Amino acid sequence: MKKLSARRRHPLAALVVLLLALACTGGLYAAFAPASKAQADETAQSLAIEEGKKLYAVGCASCHGTGGQGSSDGPSLVGVGAAAVDFQVGTGRMPAATSQGAQVPKKKVIYSQAQIDQLAAYVASLGAGPNVPTEAQYGPEGADIAKGGELFRTNCAQCHNFTGKGGALTKGKYAPTLEGVDPKHIYEAMQTGPQNMPSFPDTTLSEQNKKDIIAYLHAVNSDETVNPGGLELGGLGPVSEGLFAWIFGLGALIAVAVWVAARTAKAKKS
């Protein structure tokens, strides 16, 4: 007993007790904190899904069905993923003003980003699909603009034009301009294939490929970009440039030739 009392009075005893207390506290935190965080995240996700379900019932169910199964007025949303919702609602294409027409145009967004996130969470809960991309996926860091231009001309220019100015398709459809479009929405469009556009999953265009294409579009449509050829004629390519040359260039030559001939004939008469 005397030895134990002596040890308790040792100057380092308080330090040893403090270290043991800190070790126990750290152990308890490591054991319980991750579970608490995961539970909090799960609760937040559940709340987002519930709120999204309410928004869906008011603004989407009349066309897409009460459970997202689709109807004669709208396709099924099971498995389209959060990215499709973020694109369609985030660009104002959905909710559609009418189910008629060749395609739904871009218009004013009526939901806040928080509401769009909730709608996306609910639709994602109906079936697995592409997630909303992060800024690291579509940001300019690490992008190859030259490679992006090559990929864009190979896969996209047939509809969207060489510089993304857009173009007409058949039966009243069209490829919209990509100038000024949010990079996130361009990435989501490649992921999900909205409207008449085919989808380009990672097996077709990798995440890096998508990043490169977005960087190319930003470069060619930037206000700082200078066209070395002068008047760009809408960036429509050689067809429009050739037509311009034929109509205005050849037309100007014909007009000059007629003027010279008329002056010559008048001079001879005099």
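Visitor: In which helix does lysine 211 lie?
Guide: The model is predicted, and residues are numbered from 1 along the chain. Lysine 211 falls within the stretch 207–220. That stretch is helix H10.

Visitor: Is lysine 211 buried or exposed?
Guide: The relative accessible area of lysine 211 is 7%. Buried means under 20% relative accessible area. Lysine 211 is therefore buried.

Visitor: Which backbone oxygen does the side chain of lysine 211 reach?
Guide: Leaving aside neighbours within four places in sequence, the contacts of lysine 211 are Ala136, Gln137, Gly139, Glu141, Gly142 and Ala143. At 2.7 Å, the side chain of lysine 211 reaches the backbone oxygen of alanine 136.

Visitor: Are H7 and H10 roughly parallel or roughly perpendicular to each other?
Guide: Two packed helices are described by the angle between their axes and the distance between the axes. For helix H7 (residues 145–155) and H10, the axes are 7 Å apart and the angle is about 95°. Residues of H7 including Ile145, Leu151 and Phe152 meet a set in H10 that includes Ile213, Tyr216 and Leu217. Angles of 65 to 115 degrees count as roughly perpendicular, so H7 and H10 are roughly perpendicular.

Visitor: Which residues of H5 are buried?
Guide: Helix H5 covers residues 113–126 and has 14 residues. Its reach from first C-alpha to last is 20 Å, close to the 20 Å expected at 1.5 Å a residue. The buried residues of H5 are Ile116, Leu119, Ala120, Ala121, Tyr122 and Val123.

Visitor: Is the peptide bond from methionine 94 to proline 95 cis or trans?
Guide: Most peptide bonds are trans. Proline 95 lies in the loop between helix H4 (81–90) and H5. Omega for the bond from methionine 94 to proline 95 is near -5°, and the bond is cis.

Visitor: What is the phi of asparagine 161?
Guide: Most residues other than glycine have a negative phi. Asparagine 161 is found in the loop between helix H8 (157–160) and strand S1 (167–168), and it counts as buried at 7% relative accessibility. Although asparagine 161 is not a glycine, its phi is positive, at about 80°.

Visitor: Is glutamine 195 buried or partly exposed?
Guide: Glutamine 195 belongs to the loop between helix H9 (183–192) and H10. Its phi is positive, near 55°, in a residue other than glycine. With a relative accessibility of 33%, glutamine 195 counts as partly exposed.

Visitor: Which backbone oxygen does the side chain of asparagine 221 reach?
Guide: Asparagine 221 is in the loop between H10 and helix H11 (238–269), and it is buried, with a relative accessible area of 13%. Not counting residues up to four places away in sequence, asparagine 221 touches Thr163, Lys165 and Glu179. At 3.2 Å, its side chain reaches the backbone oxygen of threonine 163.

Visitor: How far apart are the end C-alpha atoms over residues 243–262?
Guide: An unreviewed UniProt entry lists residues 243–262 as "transmembrane region". In the model, the chain over residues 243–262 is 100% helix and 0% strand. The end C-alpha atoms of this stretch are apart by 28 Å.

How values were computed: This is a predicted model: local features need pLDDT of at least 70, side-chain atom pairs count only at pLDDT 80 or more; totals for chains, interfaces and linings use all residues. Side-chain values use heavy atoms; hydrogens and water are left out. Helices (H or I, at least four residues) and strands (E, at least two) are DSSP runs, numbered from the N terminus. Buried means under 20% relative accessible area, exposed over 50%, partly exposed in between (1.4 Å probe, protein chains only). Contact means heavy atoms within 4.5 Å. A polar contact is a pair of N or O atoms within 3.5 Å; within protein, one must be able to donate a hydrogen and the other to accept it, and residues adjacent in sequence count only if both atoms are side-chain atoms. UniProt positions are given in the numbering used here, feature names are shortened, and annotations may be inferred rather than shown by experiment. The expected span of a helix is 1.5 Å times one less than its number of residues. Axes are lines fitted to C-alpha atoms, for helices over the stretch in contact, and angles run from 0 to 180 degrees between N-to-C directions. Angles under 35 degrees count as roughly parallel, over 145 as roughly antiparallel, 65 to 115 as roughly perpendicular and the rest as oblique.
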